[in-house]
Amino acid sequence: MKRTNENREIVRPKRGFRLSTIVASAVVVAGGIVLPAAAASASPMPASATVSMATTHHDKKDEHHKKDHHKKDHKKKDHGNATGGKGGNATSNGKGDATGGNGGNATSNGKGDATGGGGGNATSNGAGDATGGNGGNATSNGKGDATGGGGGNATSNGAGDATGGNGGNATSNGGGDATGGGGGNATSNGGGDATGGNGGDATSN
């Protein structure tokens, strides 16, 4: 009898220990919430999925940058201005004539402005004539302004004539303004004639 009772006392603690172990492994207490052990030990998301998402986002960003860059280039091209070159100056210190170069013409077919180049100045310090270059014409076929180049000035310090260059014409076929170039000034400090250049015409359609 005594041996039987001792065996029962030994078995009871073992059973109690096994039961508590099973309960502890079956549940996990986190923040006061009892969760199944399987949920607590769930494996994290694969790292490859995160890398794939990051790569896709990077590719889309590069594609958007390329498209945005293409739009900016196209926009810049449509809005470019057209400016004619300025005519070269001319100086004569002898009996020869001095004639300033004509300003270059400018044509804009977009939204940019068109500005004709100014005529070159002319100076004669001898018996020759001095003639300022004509201003370049300007034509705008878009919304930009059209401004004709100014005529070059002419100065004669001898017996020759001085004639200022004519201002360039301006034509606007869009919503922009049209302004004709101013005529060049003429100065004669000798016996020659001095004739100022004519202003350029302006046409707005």
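Q: What pLDDT does the chain average, and what share of the residues score at least 70?
A: This is a predicted model, and pLDDT expresses the predictor's confidence in each residue. Here the chain averages a pLDDT of 77, with 61% of the residues scoring at least 70.

Q: In which strands is confidence lowest and highest?
A: The lowest mean, 41, belongs to strand β1 (residues 27-30), whereas strand β11 (residues 146-147) has the highest, at 97.

Q: Over which residues does pLDDT stay under 50, and how many contacts beyond four places in sequence does the model have for them?
A: Residues 45-58 form such a stretch, with 0 contacts beyond four places in sequence.

Q: What is the order of the strands in the open sheet, and how do they pair?
A: The 4 strands follow the order β4-β8-β12-β16, and their pairing is parallel. At the edges stand β4 (90-92) and β16 (186-188), each of which pairs on one side only. From one strand to the next, the twist averages 5°.

Q: How many bridges join strand β8 to strand β12?
A: Strand β8 (residues 122-124) and strand β12 (residues 154-156) run parallel and are joined by 3 bridges. Across this pair, S124 is opposite S156 in β12.

Q: Is S156 buried or exposed?
A: A residue counts as buried under 20% relative accessible area. S156 has a value of 0%, so S156 is buried. A polar atom of the S156 side chain lies 2.7 Å from the backbone oxygen of G160. Further along the sequence, the contacts of S156 include S124, G128, T187 and S188.

Note on methods:
Residues are numbered from 1 along each chain as its sequence is written. This is a predicted model: local features need pLDDT of at least 70, side-chain atom pairs count only at pLDDT 80 or more; totals for chains, interfaces and linings use all residues. Side-chain values use heavy atoms; hydrogens and water are left out. pLDDT is the predictor's confidence in each residue, from 0 to 100. Helices (H or I, at least four residues) and strands (E, at least two) are DSSP runs, numbered from the N terminus. Contact means heavy atoms within 4.5 Å. Two strands pair if DSSP finds at least two bridges between them. Axes are lines fitted to C-alpha atoms, for helices over the stretch in contact, and angles run from 0 to 180 degrees between N-to-C directions. Buried means under 20% relative accessible area, exposed over 50%, partly exposed in between (1.4 Å probe, protein chains only). A polar contact is a pair of N or O atoms within 3.5 Å; within protein, one must be able to donate a hydrogen and the other to accept it, and residues adjacent in sequence count only if both atoms are side-chain atoms.
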